[in-house]
Amino acid sequence: MKNKKLILLNFLVRAVLGLVLISCMNWFFDWREIPVNVGINAISFFVSGALGVPGVAMLYGIVACPLL
C-alpha cells in the first residue's frame with residue numbers, strides 16, 4: 001500500500017511540475033514571438049506525469065514539427 005502511494009505522489013509531482021514548465025515555456029516563447037504553444041489540458045497532464053521533462057519536450061517537439 002505504501003508503494004502505491006509513493007507512485008501516485010511521484011506521478012502527481014511530475015505532472016504539476018510539468019504543467020508549470022509548460023506554462024513557463026509558453027510564456028517564454030510568446031515573449032520571444034516564437035509560434036510554439038502547448039496547451040495545458042488532460043493530455044499534457046498525463047504525458048508530463050508519466051514521462052516527466054522528456055514528455056514535455058516531446059509535446060513541444062510535436063507542436064514544432066510543422067515549423068521545420
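1. Do keep in mind as you read that the model is predicted.

2. Where does serine 48 sit? Helix H2, which covers residues 42-51, contains it. Looking beyond residues up to four places away in sequence, serine 48 touches Arg14, Ala15, Gly18, Leu19 and Val56.

3. One of its polar atoms lies 2.9 Å from the backbone oxygen of serine 44. For the backbone oxygen of phenylalanine 45, the distance to a polar atom of the serine 48 side chain is 3.1 Å.

4. Now for the overall picture. The protein has three helices and zero strands, and its pattern along the sequence reads α-α-α. Taken along the principal axes, the box filled by the C-alpha atoms is roughly 45 × 20 × 15 Å.

5. A pair of helices to look at is H1 (residues 2-31) and H3 (residues 53-64), which pack at an angle of about 40 degrees with axes 10 Å apart. The crossing in which H1 passes H3 is right-handed. On the H1 side, the contact is made by Gly18, Leu21, Ile22, Met25, Asn26 and Phe29; on the H3 side, Val53, Val56, Leu59 and Tyr60 take part. What kinds of residue are these? Eight are nonpolar, two are polar and none is charged.

6. Asparagine 26, a residue of helix H1, deserves a look of its own. Is it buried or exposed? With a relative accessibility of 9%, asparagine 26 counts as buried, because the cut-off is under 20%. Its side chain and that of tyrosine 60 are joined by a polar contact of 2.8 Å. Leaving aside residues up to four places away in sequence, asparagine 26 touches Val36, Asn37 and Val38 as well as Tyr60.

7. A few totals to finish. As for contacts between residues at least 6 apart in sequence, 66% join residues at least 24 apart.

How values were computed
Residues are numbered from 1 along each chain as its sequence is written. This is a predicted model: local features need pLDDT of at least 70, side-chain atom pairs count only at pLDDT 80 or more; totals for chains, interfaces and linings use all residues. Side-chain values use heavy atoms; hydrogens and water are left out. Axes are lines fitted to C-alpha atoms, for helices over the stretch in contact, and angles run from 0 to 180 degrees between N-to-C directions. Helices (H or I, at least four residues) and strands (E, at least two) are DSSP runs, numbered from the N terminus. A crossing is left-handed if the near helix is turned anticlockwise from the far one by less than a right angle, and right-handed if clockwise. Contact means heavy atoms within 4.5 Å. Ala, Val, Leu, Ile, Met, Phe, Trp, Tyr, Cys and Pro count as nonpolar, Asp, Glu, Lys and Arg as charged, and the others, Gly among them, as polar. Buried means under 20% relative accessible area, exposed over 50%, partly exposed in between (1.4 Å probe, protein chains only). A polar contact is a pair of N or O atoms within 3.5 Å; within protein, one must be able to donate a hydrogen and the other to accept it, and residues adjacent in sequence count only if both atoms are side-chain atoms.
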